[in-house]
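Me: I have not looked at this one before. Can you walk me through it?

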Amino acid sequence: MSLQKVAAALASVDWTCGRIEREDLLAFYHPVTLRKLESLRIWLAERVPLTREPTDAVADWIRMVAINRLSGHSPGFFSGRSMPPNQAVSVKAQLKINEKLGVTPPERDVVAVILKKTQTLLKDGVPSGQADHCLSTGQAWSLTDIKDGQVDLTVTSPPFLDIVQYAADNWLRCWFAGINPEEVAIDMHKTEKAWTDMVRRVLVEQARVVRPGGHIAFEVGEVRGGKVLLERLVWQAAEGLPFEKLGVMVNDQEFTKTANCWGVENGAKGTNTNRIVLLRREF
Ligand SMILES: C[S@@+](CC[C@H](N)C(=O)[O-])C[C@H]1O[C@@H](n2cnc3c(N)ncnc32)[C@H](O)[C@@H]1O
């Protein structure tokens with residue numbers, strides 16, 4: 001990957017073909033910016049459709065960077081003043097923000113925004129040599145790409161019951177990528193029993209893939225105002241499986257302004273501590 005390749009690929013986009021299909025998105029974008037984003041979506045859908053393995057790494061990179069720039073607080077994003085795209089606000093909330101600040105979204109130079117972020121991401125270069133890593137997606141209890149006993153260390157963090165609204169938070173990214181968030185299988189459990197059953201399924205699969213002597217760091221947080229300690233449920237879910245329970249590391253942190261925006265108040269609201277359950281696969 002290089003800045004030149006990304007610039008050349010962006011120069012091949014027909015920036016005039018996009019039409020405004022969703023008027024509501026004008027809450028986030030200037031009409032010119034929105035038409036450009038629609039043009040980019042058309043170009044990406046042709047170059048790197050989600051229905052097959054990507055064959056154009058540069059186009060795939062551009063999609064990744066663009067998704068990261070959809071909304072935010074500064075001119076480095078396509079939107080006017082907003083919140084980050086991993087927890088995008090709703091159209092209604094964005095209209096309220098615009099009204100409160102007395103602003104409408106300014107026009108952004110889509111190409112310049114993508115190139116600037118690309119430059120930042122590539123500032124330390126790209127990993128050299130043959131890639132020995134692999135990224136696969138799927139249900140955490142069915143790791144079909146991983147052979148028995150192949151893993152030294154698993155670091156994982158499941159959804160904490162039903163605390164995070166993944167589909168709602170990711171609606172803007174899903175729009176851009178052309179994904180229906182309702183069709184993505186994301187675990188959300190209201191009851192402790194259902195959540196523990198899910199963790200049990202995951203740990204059974206972990207007992208298969210982690211090598212004897214290998215470790216699992218299973219991160220959870222305290223929820224329901226500290227009344228539900230998920231690490232205890234992980235402990236319970238591991239019962240009878242070939243794991244040595246090494247302990248729980250509690251990371252009690254001071255949260256700052258971003259966390260406060262999302263309803264965390266030190267010691268009072270939200271998830272204030274991370275709890276990492278440490279397990280070792282028995283021999
Ligand atoms: C608490 S977040 C952890 C995020 C991750 N640590 C990271 O930094 O990106 C939980 C993640 O689990 C994913 N998830 C939900 N259900 C899943 C499942 N059944 N199998 C695998 N992953 C799942 C969600 O999409 C979400 O990204």
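Reply: What follows goes from the overall layout to the strands. Keep in mind that this is a predicted model.

Me: How many helices and strands are there in the protein?
Reply: The protein has 10 helices and 5 strands. Its C-alpha atoms fill a box of roughly 60 × 50 × 35 Å along the principal axes.

Me: Which domains does the assignment give?
Reply: Domain 1 covers 3-121, and domain 2 is made of 151-166 + 184-281. Between the C-alpha centres of domain 1 and domain 2 there are 33 Å.

Me: What share of the residues count as buried?
Reply: Of 283 residues, 24% are counted as buried.

Me: And contacts along the chain?
Reply: Taking contacts between residues at least 6 apart in sequence, 69% join residues at least 24 apart.

Me: Strands now. Do β1 and β2 pair parallel or antiparallel?
Reply: Parallel, over 5 bridges; β1 is residues 151-156 and β2 is residues 210-223. T154 stands opposite I216 of β2 there.

Me: How many bridges join β2 to β5?
Reply: There are 7, and the two strands run antiparallel, with β5 at residues 273-281.

Me: What about β2 and β3, parallel or antiparallel?
Reply: Antiparallel, with 2 bridges; β3 is residues 228-229. E222 stands opposite L229 in β3.

Me: Which residue takes a positive phi in that hairpin?
Reply: R224, with phi near 55°. The hairpin of β2 and β3 has 4 residues between its strands.

Key:
Residues are numbered from 1 along each chain as its sequence is written. This is a predicted model: local features need pLDDT of at least 70, side-chain atom pairs count only at pLDDT 80 or more; totals for chains, interfaces and linings use all residues. Domain bounds come from an automatic or database domain assignment. Two strands pair if DSSP finds at least two bridges between them. A residue is buried if 20 or more other C-beta atoms lie within 10 Å of its own, exposed if 12 or fewer, and partly exposed in between; C-beta atoms are placed from the backbone. Two residues are in contact if their C-beta atoms, placed from the backbone, lie within 7 Å.
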